[in-house]
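Please read them with the sequence and structure open.

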Amino acid sequence: MSSHSSQTSPPLAVEMQDIVIRFPGVLANDHVNLTLKQGEIHALLGENGAGKSTLMNSLAGLYKPVSGVIKVHGEVVNFNSPRDAIAKGIGMVYQHFMLVPTQTVTENILLGLKDPKFFMNLATYNKKIQALQEQFGLKVDPTALIWQLSVGEQQRVEILKTLYRGANILILDEPTAVLAPQEIDDLMNTMRSLVANGKSIFFISHKLNEVTAVADRLTVLRKGKVTAEGIGIEGINREKLAELMVGRKVIFQVEKKIQEPGDVVLDVKNVSALNNKGFPALKDVSFNLHQGEILGIAGIAGNGQSELAEVITGLRLCSGSILINRQQAANRPPGMIIDYGVSHIPEDRTGVGSAPNMSIAENTIMKNYDQEPIGSRWRINFSSVREYASMLKEKYVILAPSINTQARKLSGGNLQKVILAREISCFPRLMIAVQPTRGLDVGAIESIQGLLLEQRENGTAILLISEELEELLSLCDRIAVIYEGEVTGIVDAADANLTNIGLMMTGSLRSQ
Amino acid sequence: MNPEIIIHAGLATGTILLFAAIGEIFAERSGVMNLGVEGMMLLGAMAGFSTSLVTQNVWFGLLAAIFAGGILSLAHGLVTIHFQADQVVSGLSLTFLGTGLALVLGEGLTGQNPPLIPNVSIPVLSSIPFIGQVFFGNHSILVYVGYCLIPITWYFIFKTRPGMHLRAVGEKPSAADTLGINVYRVRYFYVFVGGCLAGLAGGTISLSVSPGWYSSQTTSGQGWIAVAIVIFAQWNPVRAAVGGYLFGMLRRFILDLQGPALLFGFQNPIFMNHNLSFFLQMTPFLLTIIALVWGSQAATRKRLGSPAALGIPYIRGERGL
Amino acid sequence: MRFPFTIQVEKRSEDYPKWLPLVTSLSAVIIAFIFSGIVLKFVSGQPLKVLGFFFTATFGSWGVFSDTLVKATPLILIGLACSLAFKMKLWNIGAEGQFYLGAFFSSLVVLVPLVPPDSPKIVILTAMVLMGMIGGAVWGFIPGILKARYNVNEIITTLMLNYVAIYWNNYWIFGKWSDAGFQMTPMFEKTAWLPRLSDYARQTPALSGITLHLGVVFGLVAAFVIWWIMERSRWGYEIKLIGDNPKAARYAGLNISRNIILVMMISGALAGLAGMAEISGVVHRLQERISPGYGFTGIIVAWLAKLNPFAVIVVSILFGALIVAGREIQPSGIAFLLQGTILFMVISSDVLLKYKIHLVRNQEEKA
């Protein structure tokens with residue numbers, strides 16, 4: 001470090017040199033170099049699994065790099081726990097919020113601190129937090145319990161947590177994943193205001209257009225290595241960035257054939273349902289879906305999409321009518337709905353869609369184990385199972401040592417392929433796909449989107465619930481927008497206007 | 001069949017359940033289920049009894065009881081927190097281990113008479129009409145300890161900072177972890193506290209409330225009842241105490257039912273046929289089941305539940321949290 | 001001089017070698033014996049003699065080996081009962097109570113009597129088998145339906161019912177059916193005895209005194225049936241799925257409530273059958289102490305056998321030997337201690353299946 005550079009520019013807020021982080025069987029970060037200038041917003045791009053979160057987690061004190069040096073404000077640091085990182089002014093806002101649902105905002109903010117010493121006098125702290133909110137423009141009720149708050153509000157609590165601890169280097173991990181377009185704008189303004197107040201921000205994302213809107217510089221990671229370091233935002237184009245992220249040219253348009261939709265397969269009328277907390281999740285929802293059509297459900301997570309998928313697939317009770325091929329399906333058990341020819345790709349791959357300790361083969365027969373030739377009333381024919389599973393493994397290019405590999409050892413993309421293979425091979429008439437490409441890398445996303453379109457061509461009716469508007473626009477024929485349990489509008493994808501959809505997603509616009 | 005006697009006895013025997021249940025509440029609120037309570041209680045009872053006998057000092061005995069329960073619980077902690085083994089099976093194995101150790105090491109203790117915990121009456125309070133003698137008159141010192149423990153525990157869990165950390169670790173350990181709280185250390189600590197309290201409960205039996213050593217009959221299932229009490233007390237120490245006292249009163253009531261020839265003016269069927277007393281002995285266990293059913297339904301209705309992370313070993317995720 | 005190695009623990013990323021579970025389980029058992037030996041030394045001072053005695057007392061001659069198998073019989077059945085339930089993550093701790101209820105129900109055949117006392121042996125025995133299984137099934141049904149309907153913790157309900165079952169039996173044994181005031185029923189007629197090898201002593205003198213009874217065949221047949229259910233049947237697949245991930249099972253259309261009740265009933269039935277075999281094949285009457293804790297030992301057997309039905313047979317014989325030897329070993333609590341230690345060591349050793357331990361030389365890694 002020559003003395004010249006320290007005279008001309010302020011010390012870097014963060015310097016990460018030659019960082020190597022390893023997990024059993026995986027090299028997550030391979031000699032990564034990264035810097036954060038004081039007062040800048042630096043975006044970290046890469047597809048899922050590239051190593052961005054891992055790298056930032058090491059800066060936040062959760063992991064120790066095997067080798068490499070981290071400097072904060074010019075000083076070499078050695079974090080042994082998150083406490084050390086927090087002490088040096090680093091605050092991380094995680095993608096999946098680290099909040100205790102049954103405690104209040106204030107309690108969550110105070111968690112882990114040495115003060116208050118023993119007795120909790122919450123009133124004083126409520127006031128302190130109120131003052132902090134005003135300084136940064138992050139409004140939320142300090143006495144509210146976390147589970148009562150909206151996702152956007154919870155995110156504000158996460159940011160307040162870091163600010164309360166005096167963080168001046170903030171790391172935001174995929175903060176926009178759970179926000180509506182307008183809320184994303186609010187977040188961007190918050191970030192600018194934070195920077196104006198002297199903070200420096202690392203911002204992890206895989207969404208190119210958001211990054212270009214707010215970042216000063218960006219770094220691209222691919223498979224643990226840096227492919228572009230600290231490049232300025234000027235003149236960046238999407239295609240080049242995508243190539244840096246993925247390693248090859250990415251085609252942004254999918255081939256979607258124009259076809260006439262057929263008969264009505266799914267007819268939802270006046271459906272209302274409660275969520276797990278007993279509050280209304282769906283309010284008088286009505287729409288229909290035809291053969292050979294993909295209907296998208298757009299909306300920010302938590303507005304009733306999960307519950308909608310559950311009432312249609314028999315996993316939740318509701319009032320109203322749900323007709324599948326003109327048979328009443330509302331409040332019927334899941335087994336019956338499967339018999340009606342319905343496939344379900346669930347939101348939760350590992351928690352609902354698969355049995356983690358069972359093999360790939362055993363997972364593929366979850367829906368048809370009682371049908372010939374796989375199984376009969378009493379037995380299961382294991383050689384048929386092996387044949388079936390091998391066939392699916394080949395056809396869907398599922399990468400795994402063998403069909404006997406346990407499901408929990410598969411990567412997200414391969415597990416999703418197993419689930420899709422299983423659901424498609426039942427020749428469904430109706431498919432409910434919930435967030436099918438969430439958390440997957442570009443290659444897997446392309447395959448799965450291709451499979452969905454193929455099903456559409458075969459005449460399957462598909463209900464596609466997704467948070468990625470781009471995905472909905474390219475795959476769907478029509479898009480329904482859901483907000484607070486109500487359908488605020490149904491539009492043709494061809495005529496769709498992003499602003500209008502954004503407005504519908506926040507309830508500011510309704511069209512019928 | 002004197003209600004005052006029943007309540008008085010109930011407070012005494014209930015104290016045993018209270019200690020064990022509160023200990024289990026601490027452990028479970030941190031996310032670790034400890035089903036070894038019965039074994040820890042028995043080991044504590046034996047350790048307390050024998051140490052008191054050998055040292056002729058009941059306070060050393062009590063310390064030994066607490067210590068025995070604590071040590072056993074550390075084994076449970078190691079296996080479930082560090083080795084991430086299944087908490088149910090580990091707890092069960094420690095019940096066997098603790099019971100076995102207690103029976104083997106306790107050979108020959110039956111019929112011995114070590115010094116016991118003295119009974120005292122609290123000066124001013126015991127003069128209060130009606131309730132004075134019942135609550136504050138001629139009780140083991142440990143009963144008064146129990147009285148104090150209830151509000152202290154309640155306040156600790158709900159109104160203090162370490163209590164908040166405890167609850168956070170049991171609800172969402174990842175949140176606590178990212179804020180620098182050592183989840184492992186917190187869990188070890190509260191499992192240990194739970195074990196110590198279970199040991200204390202055992203010591204309360206053999207050195208105070210039901211003095212003596214009667215092999216496995218010493219605890220006769222009270223450890224399990226304590227675990228059940230935790231569930232239908234919704235992990236709340238005050239409710240657990242009430243449950244413990246009620247059970248204690250029930251036991252006394254059952255005992256009293258077997259004695260007299262006349263019961264409320266009618267001929268006592270149990271006096272006539274002593275074998276009917278077996279049905280009476282079933283009652284605490286049947287009642288535990290009924291209370292559990294009621295408690296589970298109430299929990300589902302109020303959408304309250306166990307600490308969310310109960311029974312799940314905490315592992316810091318590899319690909320982020 | 002500083003220790004030049006550090007111990008590094010790393011989570012396994014591939015499957016563990018096939019021989020590892022056997023090695024860890026075996027080492028666990030050995031360590032458990034060592035530990036108990038230490039405790040014994042502390043208490044009575046003659047561990048090696050006692051433990052050596054263990055082998056001669058249980059495998060020394062055909063006579064004692066038959067005793068070992070007799071003790072193993074209920075363990076096989078209960079081990080199977082627990083294996084089935086545990087496969088679905090149902091913690092049936094109530095095998096002891098189900099055993100007692102099975103014994104009670106099968107006694108009804110003789111004591112009520114449910115079948116004319118002069119009926120042929122095969123009729124009486126068949127009736128007893130059926131009633132034994134029904135009794136156990138009833139006792140398994142109760143916690144099953146409570147769990148299925150109200151999500152009541154089955155660990156506690158099954159445990160509580162253990163105590164209830166014992167008191168229930170005691171009522172009848174001490175009272176109405178007591179044999180002249182003793183705490184047992186009168187001995188059953190020979191027609192209610194399960195056939196034993198010693199019945200054939202007249203033809204084959206070598207068999208005299210060999211008390212091995214037909215119950216062991218029940219155990220072996222049951223092992224095969226349970227194996228078939230778990231590994232080959234459609235229902236076994238459903239059980240595995242529910243045990244591994246109940247949410248996925250529900251999503252796949254399975255009826256979880258019905259399966260909980262069914263599994264608890266069958267588990268109970270097997271334990272009840274063990275009860276029947278014990279009173280009909282061994283003591284020939286209903287009495288107070290018909291089980292030295294088979295219901296709990298069976299849990300350990302199932303866990304040690306890693307829920308594999310054939311391994312259950314092997315482990316049951318080992319534990320049967322423990323019980324036979326335990327009759328002679330003082331102090332009597334040693335059996336409980338050994339069992340608890342074995343189980344504890346086994347689950348501790350399972351950690352080696354998840355993590356690899358390396359000894360790494362203390363060296364700076366090249367940058």
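**Notes on a predicted model**

1. In chain A, strand S4 (residues 67–72) and S5(A) run antiparallel and are joined by three bridges. Within S5(A), Glu75(A) is the residue that stands opposite Val72(A). Keep in mind that the model is predicted.

2. These strands belong to an open sheet of four, ordered S2-S1-S4-S5 (chain A), and the pairing is antiparallel. The edges are taken by strand S2 (26–36) and strand S5 (75–77) of chain A; each has a single partner strand, so one side of each has no neighbour in the sheet. On average, neighbouring strands of this sheet are turned by 30° against each other, direction ignored.

3. Helix H2 (residues 52–59) of chain A packs on this sheet, where it touches strand S1 (14–23), S2 and S4 of chain A. The direction of H2(A) makes about 115° with that of S1(A).

4. The contact between chains C and B takes 38 residues from chain C and 41 residues from chain B. On the chain C side, the elements that give two or more residues include helix H1 (20–43), helix H5 (121–150) and helix H13 (334–349). H6(C) gives the most, with eleven residues. By type, the chain C side divides into 26 nonpolar, ten polar and two charged residues.

5. Helix H10 (residues 256–283) of chain C has 28 residues, which should span 40 Å at 1.5 Å a residue; the end C-alpha atoms are 39 Å apart, which agrees. H10(C) is mostly covered, with 23 of its 28 residues buried. After H10(C) comes His284(C), whose phi is positive, near 60°.

Definitions and conventions: Residues are numbered from 1 along each chain as its sequence is written. Chains are lettered from A and ligands numbered from 1 in the order in which they are written. This is a predicted model: local features need pLDDT of at least 70, side-chain atom pairs count only at pLDDT 80 or more; totals for chains, interfaces and linings use all residues. The expected span of a helix is 1.5 Å times one less than its number of residues. A residue is buried if 20 or more other C-beta atoms lie within 10 Å of its own, exposed if 12 or fewer, and partly exposed in between; C-beta atoms are placed from the backbone. Two residues are in contact if their C-beta atoms, placed from the backbone, lie within 7 Å. Ala, Val, Leu, Ile, Met, Phe, Trp, Tyr, Cys and Pro count as nonpolar, Asp, Glu, Lys and Arg as charged, and the others, Gly among them, as polar. Two strands pair if DSSP finds at least two bridges between them. Axes are lines fitted to C-alpha atoms, for helices over the stretch in contact, and angles run from 0 to 180 degrees between N-to-C directions.
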